[in-house]
Amino acid sequence: MTLDALTDVAGLRVGHATLTGEGRLTGTTVVLAPPGGAVAAVDVRGGGPGTKETDALDPRNLVQKVEAIVLTGGSAYGLDSASGVMAWLEERGRGVRVGPDAAHVVPVVPAACVFDLGRGGDFRARPDAATGRAAVEAAEASGPGAPVRQGCVGAGTGAAVGPLKGGVGTASVLLDSGITVAALVVANAAGSAVEPGSGALYGELLTGTASYPPAEVHEAAGRRLAEAAARNAPPPLNTTLAVVATDADLTRAQAQKLAGTAHDGIARAVRPVHLLNDGDTVFALATGDRPLAADQPLALNEVLAAGADAVTRAIVRAVRAAGPVEGPGGTWPSYEELYGAR
């Protein structure tokens, strides 16, 4: 049985650390690879990214596998959370071996951040190394194949998609070949997930699953959103983050192609995307459990297509799972509060 989640890729675990109250509305999410790591890649297309260790993922460079990926709130300050994950991995001897002793390792922990500063009311409330450690410990404790919490948790705690509340979402696809492709996103975009003429979600329109709210519901929602946007400070920066994973045996170059095409999934669910005040970043992970068909040179194509589809559905699920927030840092209605559950 599948969970329609990133953890449908065997060996991957997801943990959240959520910081709320006392001016906080932020957090960190960690994707933990199996011991020994997974092939990883990244594609950055936003104009204002905040990242760590992404150069190490270039296929031309040394590092072959990574043990964890960190997605975090707190803008560039929140990248400190990766230090807590590094320390946790080092204690377990997990990382790139750099010396004669088994304990001589350097964990390579790529990370990317979303902008959520001040959304809880305190600009200085940010994830730190302790937050990262809490998230990776939660991932380890979750066990194999565990459900993934969605909505206003972890790195999605303070997320917003335009004037709507954003959050964390996840989805997976099981291909006829037996290969699994899955995605986890933090939806925090400057653009909108909602088609302005109807109130339907872009991602559902493109997948044929859209519901069209009554005109009076859409009009009332528009008024609520305009009022909320007028009360909030203009969002200077945003960012949608994603981890796309598969159990296919990919080279590092193939993983980088997967990360790149997965950005299409963001473009289907949010408009516009990849702006100067977005930092849209997609990581790819491949655990290598299932070989691609050697006699089919285009076998990667179905993995690429599925990755983009999973990202679109994950963004839809993030927006639908998010709850409304009203506090000293601003007001963000939720989609289902305004339009109702499907």
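Where is the place of Ser 75? Ser 75 lies in the loop between E5 and helix H1 (81–91), where helices (H or I, at least four residues) and strands (E, at least two) are DSSP runs, numbered from the N terminus.

## Basis of the values

The model is predicted, so that local features need pLDDT of at least 70 and side-chain atom pairs count only at pLDDT 80 or more, whereas totals for chains, interfaces and linings use all residues. Residues are numbered from 1 along each chain as its sequence is written, and side-chain values use heavy atoms, with hydrogens and water left out.

## Backbone geometry

Most residues other than glycine have a negative phi, and most peptide bonds are trans. Ser 75, although not a glycine, has a positive phi of about 50°, and with a relative accessible area of 15% Ser 75 is buried (buried means under 20% relative accessible area, exposed over 50%, partly exposed in between, with a 1.4 Å probe and protein chains only). Thr 239 likewise has a positive phi, near 120°; this residue is placed in the loop between helix H4 (215–231) and strand E13 (241–248), and its relative accessibility of 3% makes it buried.

The peptide bond between Arg 271 and Pro 272 is cis, with omega about -10°, and Pro 272 belongs to the loop between H5 and strand E14 (281–290).

## Surroundings of Glu 67

Glu 67, in the loop between strand E4 (51–52) and strand E5 (68–72), is buried at 8% relative accessibility. Its side chain reaches two backbone nitrogens, that of Gly 36 at 3.3 Å and that of Gly 37 at 3.5 Å; a polar contact is a pair of N or O atoms within 3.5 Å, where within protein one must be able to donate a hydrogen and the other to accept it, and residues adjacent in sequence count only if both atoms are side-chain atoms.

## Packing of H5 and H6

Helix H5 (residues 252–269) and helix H6 (residues 300–321) pack at an angle of about 40° with their axes 7 Å apart, the axes being lines fitted to C-alpha atoms over the stretch in contact and the angles running from 0 to 180 degrees between N-to-C directions. The two helices H5 and H6 are therefore oblique to each other, given that angles under 35 degrees count as roughly parallel, over 145 as roughly antiparallel, 65 to 115 as roughly perpendicular and the rest as oblique.
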